Every structure is written in C-alpha cells, then in structure tokens.
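Here is a briefing on one protein model. Look over the sequence and the structure first, then read the points below.

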Amino acid sequence: MTAPRQILPGTTYLVTRRCAQREFLLRPSAALGAIFLYVLALAARRYGVQVHAFCVLSNHFHLVVTDHDARLPAFAQYLGALVARAANVLLGRSESFWSPGSFSAVTLAAREDVVAKIVYVLANPVAAGLVPRGREWPGLWTAPERLGTSTLAALRPGGFFRKMGPLPETVELELTAPPAVGPIDAFQADVAAALDALERGVHRERGAPSEEPGVGGGFLGVARVLAQSPRDRARTWEPRGTLNPRVAARDKWKRIEVLTRLVDFLRAYRTAWRARRAGDPTVVFPAGTYLLRVAHGVRCAASA
C-alpha cells in the first residue's frame, strides 16, 4: 500500500507533475499559457492555496505553494484534471495527459529551503539546456522581482471553456510571499542572487563564458523550443527507481525533526488503520490524515 500523505494546514510545498511519456504537451504557446494560468488561478481561489512561484516547461510544471486549509490534493486534482481536458481539446487529442501516478509534493521546512526550491524552479529552463537565462523562457515563469508583489489577471480562454458557462470571465492570481520569509525585498534579492549564481554555474559547465551568459553552451534557444511539436518528447535518459523525497531541509537537525514527525504520523496512521479494520468505529487518526477524512469522514486529531 502506498504510504499516505500527511496534509497539514499552513505547509509550503514544491509541487511537480509530468506529462505522459514525457511528451511536450505543455510546450509554450499563448493558448496553452492562457489555459494553465486561468486554471491555476481558479484552483488557488477554490481551495485556498497561495501561489508563490511557478515554471511551466514543455513536459512538466513546478509550483511553490502554501496550503493554508490542508486541501492540497483537491487543489492538485482540480488543476491537473481541468488543464488536461482543456489542453487536450486545444491539441486535438484524447489520451492521458499526465504520467501515471499522482503529483509530487515536497514539504519545504525552512526559509532557506523555500529560497532553494524557488531558485530550482526558476533555473529549470537553464539547467535543462533550453535557454541561457530563466527569464528568457517563453512559457509561464515567475521573475524574482514579482515574488510576493504581483497580481496576474487570467482571462477565460476560448475553446474548451464555454463563453456562457459557470466559470468567471476573469480571475486574479495573487503571487504571495511564502510565510516567515521576512522582508519581501530581501527575499527577492536572495532569490535573484542565488538564481544568477546557479545559472552562471550551468554556463561554466556548458562552456559559456560566465560574463556573457547567452554566449555558447549549446542551449536550444527560444525559436527551437517553440518549433517543437507537442507530440515530441524528451530524448534524454531518465533514471528509474530513484528516491521520491517528501521533505526538503538543508539544515540537518531540522530535517531530522521533520522526518521524525512524518515517521510518527505514519506509525500512528497504521495503528489507527488496523484498529478501524478490526471494527473499532471510534478510532482517531493522526492530524494530517487526508483521504480517509475527506472521503470517509474518519475522526482525526487536531493539528498542533
């Protein structure tokens, strides 16, 4: 049995989901970008999820979000399902849009982990060898100077979404600051500096002069990215059977603390599960139990 997720209110996550067969179904285009941004704004508003940063690449996306109401699985399901249906109509296809399995959600334990994962998200197009700088990516991407200070207006796209349907014509997506990151200008500066350092490191590895990040290095470039077919797929080898982390914490003791709490949750969950299977209807599941609470109404302990 797959280990249950612990979904606690107020948790900040790195969320990732990949397209089926690693196809470029999310390849940047005005129509696809409009769909994703509109659905993301709808999902965030519907489920009380705060969005901090995002990057939508051709065959996967990354989000950094805070789940204030412990509804992350519902948010991710709504986002994935509606994007898939609308994008399939746009692309004239009907097959599965996402790779098998669910989304990845990595808990970010502290400020330094939030900064590191936002930088990872924003540097993704560079690390993948697509463009020399993250801000050159032609798809959806959050500039460091917009973190925590911008509101994006998403218009309802045509095609899949009915003009006279129940969904709003316009929905706003506020890019909020993650909790406990301190002054927003310092946070933005830390992300920008770390992003620049990471991008320059990629350039050195690829042989491009660090003083001129756009020179050399074998980057694919915007024109070739946009010329790809959505039915193309990544040709690089992807490791299988690797670890699927649930927590990101650079500080050793913070990581031990968070992982210890997760282990305690899993033990308490399994104990409660066995008791319920044995016929005890009064058993109380640990705080953070999601599916059994939402789908079957089991009793759960309050979050600390």
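The axes of helix H1 (residues 30–47) and helix H2 (residues 72–91) come within 9 Å and cross at roughly 155 degrees. This is a predicted model, where local features need pLDDT of at least 70 and side-chain atom pairs count only at pLDDT 80 or more, while totals for chains, interfaces and linings use all residues. Residues are numbered from 1 along each chain as its sequence is written, and side-chain values use heavy atoms, with hydrogens and water left out.

- Two packed helices are described by the angle between their axes and the distance between the axes.
- Axes are lines fitted to C-alpha atoms, for helices over the stretch in contact, and angles run from 0 to 180 degrees between N-to-C directions.
- Helices (H or I, at least four residues) and strands (E, at least two) are DSSP runs, numbered from the N terminus.
- H1 and H2 are therefore roughly antiparallel to each other. Angles over 145 degrees count as roughly antiparallel, under 35 as roughly parallel, 65 to 115 as roughly perpendicular and the rest as oblique.
- The crossing of H1 and H2 is right-handed. That word applies if the near helix is turned clockwise from the far one by less than a right angle, and left-handed if anticlockwise.
- Residues of H1 in the contact include Ile-35, Phe-36 and Val-39, and those of H2 include Phe-75, Leu-79 and Leu-82. Contact means heavy atoms within 4.5 Å.
- The H1–H2 contact has 19 nonpolar residues, no polar ones and 1 charged. Ala, Val, Leu, Ile, Met, Phe, Trp, Tyr, Cys and Pro count as nonpolar, Asp, Glu, Lys and Arg as charged, and the others, Gly among them, as polar.

**Helices H3 and H4**

- Helix H3 (residues 111–127) and helix H4 (residues 184–206) have axes that come within 9 Å and cross at roughly 45 degrees. That makes H3 oblique to H4.
- H3 passes H4 in a right-handed crossing.
- Among the residues that meet are Val-115, Ile-118 and Leu-122 in H3 and Val-191, Leu-195 and Leu-198 in H4. The residues of this contact divide into 15 nonpolar, 1 polar and 4 charged.
- Lys-117 lies in H3. At 25% relative accessibility, Lys-117 is partly exposed. Buried means under 20% relative accessible area, exposed over 50%, and partly exposed in between (1.4 Å probe, protein chains only).
- Not counting residues up to four places away in sequence, Lys-117 touches Leu-14, Val-64, Leu-108 and Ala-248.

**The S2–S3 hairpin**

- S2 and S3 form a hairpin with 3 residues between them. The two strands pair in the antiparallel sense over 7 bridges. Strands pair if DSSP finds at least two bridges between them.
- Cys-55 has His-62 in S3 as its bridge partner.
- In S2, 7 of the 8 residues are buried, so the strand is largely enclosed by the rest of the structure.
- Ser-58 is found in the loop between S2 (49–56) and S3 (60–67). Ser-58 is buried, with a relative accessible area of 6%.

**Before strand S1**

- Gly-10 lies in the segment before strand S1 (11–18). Gly-10 is partly exposed, at 36% relative accessible area.
- Gly-10 and Thr-66 are 56 residues apart along the chain, yet their C-alpha atoms are separated by 6.2 Å.

**Strands S5 and S6**

- Strand S5 (residues 150–155) and strand S6 (residues 170–175) pair in the antiparallel sense over 6 bridges.
- Ser-150 has Leu-175 in S6 as its bridge partner.
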